[in-house]
Structures are given as C-alpha cells and as structure tokens.
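The entries below follow the order in which I looked things up.

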Amino acid sequence: MHLTDRPAHRRLDAALENLSVTFRGMTAHPDESNCECHWGSAEELALLKTPDVELEPDLLQRTWQAIDWSDHAAVLRRILPQFATVLVAGRADPMFGGYEEAGYCLARGRWQQWPEEHAGPVREFLHAWWVQSLTDPDPVVPAHQVFALCAEASGTLEPWLAEWERQTGHLVDLRLAEAAAEWEYELLGDSLPWSVDWYENDAEKMRADLVAWLLGHAAARLRASGAPEELQHRIRLLGLTDEDRWTDRHWPGHRY
C-alpha cells in the first residue's frame with residue numbers, strides 16, 4: 001500500500017510493511033476450529049492454517065469479527081498484515097458500532113502480552129495510524145474512530161491523548177473540534193461515545209479520563225483555535241452535574 005509522501009504517511013507506510021515482515025509465515029493453530037454454519041467452511045478454515053495467502057474480503061471480515069477462536073492470538077497474527085491494510089484503507093465494515101469493533105479484535109488477541117518483537121510492530125502501527133489520522137487533510141477514517149479503535153485495542157486513553165497533545169497545527173486542532181462535536185452528545189448523557197465490548201476495558205474510567213482531558217487540555221485548545229462557541233460551551237457543561245448542567249442557558253436540549 002503506497003501512501004502520499006508526507007512524514008506521517010511515510011511512517012504509516014513503514015509500519016504496515018513492518019507488520020508484513022514480522023508476521024510473514026504465521027498461521028492459525030493447526031487444531032483451530034470454528035462452527036461452519038456461523039463462520040465458514042472447512043476449506044476457508046484451511047486457508048487460515050496456510051501462511052501468506054490473501055483472504056477474500058468477506059472471509060477476512062468474518063475472521064476478525066469472530067469471537068470464539070480457541071487461539072485468537074494465533075488467528076490475529078495470521079491476518080494482521082492484511083487486516084491492518086484494510087483498516088487503514090477504510091474497507092472494514094463493522095457490524096454493530098464503529099471502528100472500536102476492530103479494537104476488540106486486537107484486545108482479544110492480548111497483543112500487548114506478546115513478545116516485544118511482535119507487540120512492538122503492532123504498537124507502532126497503532127501510533128503511526130493515529131498520528132496520520134490527526135494530520136491528514138482528508139483522512140480516510142475519521143480521527144475519532146481511529147481513537148476509539150486504539151483505546152479499545154490498548155485498554156487505555158493515555159498514550160493517544162498524550163500524542164494528541166504533542167501534535168500541533170491547524171489540522172490537529174480541526175480534528176479535535178470534529179471529535180468533540182461527535183462526542184458531546186453521549187458525554188453529556190454520562191456515557192462513553194463508543195461501546196466497550198472487551199470485558200477487561202473499563203468504560204467508566206475511559207469516560208472519566210476523556211472528560212478530564214476535554215475540560216483541561218482540549219478546552220484551552222478549542223478556545224485558542226477559535227472553535228465554535230457553542231461547542232466550547234457544550235464541553236464546559238461536562239464540568240457541571242445534574243440540574244446545574246440541565247438548567248445552564250447553553251444546555252443544548254438533548255433528550256436521553
């Protein structure tokens with residue numbers, strides 16, 4: 001996959017290539033099985049046990065969305081190079097939510113517990129894609145969706161928020177305003193703006209961390225970058241509770 005010649009794109013291009021090199025020759029466990037009526041045929045299962053054969057898009061989709069592999073990590077390593085390329089190209093098709101569903105797949109594979117020679121390339125891919133989504137004038141996948149995927153894949157917001165703080169410029173500020181506008185409805189309803197499906201991830205902590213960051217670093221940045229005043233007020237309302245929030249003259253009238 002060739003990306004346009006910008007530093008963030010070159011970094012992502014290199015990260016995708018590194019995934020291909022790192023996971024070349026990987027296969028599902030020889031004893032892996034799955035339900036033919038819910039997942040696929042024996043012939044399709046055999047492809048997962050054959051290295052370096054590109055899967056048809058529908059088979060790849062069914063593979064990463066399946067939750068009942070006996071060795072999910074091995075299946076994930078088998079599909080990772082192709083899976084990552086499909087994600088970056090915006091060709092994944094989540095069934096029920098957004099790109100956080102792909103994050104669940106990564107979390108189920110417990111990639112952070114893999115040896116560093118395997119975990120490192122996955123970590124670099126996520127970071128490279130996140131930076132690219134923040135700095136691209138026209139990202140294929142919106143930054144707020146990449147953020148949710150990274151959060152679910154890693155179980156934390158900290159590294160992704162820290163990277164957002166390090167990145168500067170008009171495009172990064174625009175991505176912040178876009179994300180805040182996407183998130184404010186659910187956050188004002190005391191919910192996280194994406195669903196958490198992996199049982200080890202803590203939705204309440206994620207929401208608290210996101211709100212604290214929006215009220216602190218993000219609020220100042222929205223002001224400095226000239227974000228719409230109404231959006232700034234909705235973020236400010238996150239710092240209020242109960243009646244103080246609903247009776248504020250800038251309450252948007254959301255119904256939950």
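Entry 1. I looked up the neighbours of Leu126: leaving aside residues up to four places away in sequence, Leu126 touches Leu106, Trp111, Leu149, Cys150, Ala153 and Trp160, contact meaning heavy atoms within 4.5 Å.

I note the basis of these entries: the model is predicted, local features need pLDDT of at least 70, side-chain atom pairs count only at pLDDT 80 or more, and totals for chains, interfaces and linings use all residues. Residues are numbered from 1 along each chain as its sequence is written, and side-chain values use heavy atoms, with hydrogens and water left out.

Entry 2. I then examined the largest nonpolar core, which has 76 residues. Such a core is a set of buried Ala, Val, Leu, Ile, Met, Phe, Trp, Tyr and Cys residues joined through side-chain atoms within 4.5 Å; buried means under 20% relative accessible area with a 1.4 Å probe, protein chains only. Phe125, Leu126, Trp129, Trp164 and Trp194 touch the most other members. H4 gives the largest share of this core, 10 residues.

Entry 3. I followed H4 (residues 72-88) to H1 (residues 7-22): they pack at an angle of about 155 degrees, with axes 8 Å apart. Helices here are DSSP runs (H or I, at least four residues), numbered from the N terminus. H1 and H4 are therefore roughly antiparallel, the term for angles over 145 degrees.

Entry 4. I listed the contact: Leu12, Leu16, Leu19 and Ser20 in H1 meet Leu80, Pro81, Ala84, Thr85 and Val88 in H4. These residues comprise seven nonpolar, two polar and no charged.

Conventions:
Axes are lines fitted to C-alpha atoms, for helices over the stretch in contact, and angles run from 0 to 180 degrees between N-to-C directions. Helices (H or I, at least four residues) and strands (E, at least two) are DSSP runs, numbered from the N terminus. Angles under 35 degrees count as roughly parallel, over 145 as roughly antiparallel, 65 to 115 as roughly perpendicular and the rest as oblique. Ala, Val, Leu, Ile, Met, Phe, Trp, Tyr, Cys and Pro count as nonpolar, Asp, Glu, Lys and Arg as charged, and the others, Gly among them, as polar. Buried means under 20% relative accessible area, exposed over 50%, partly exposed in between (1.4 Å probe, protein chains only).
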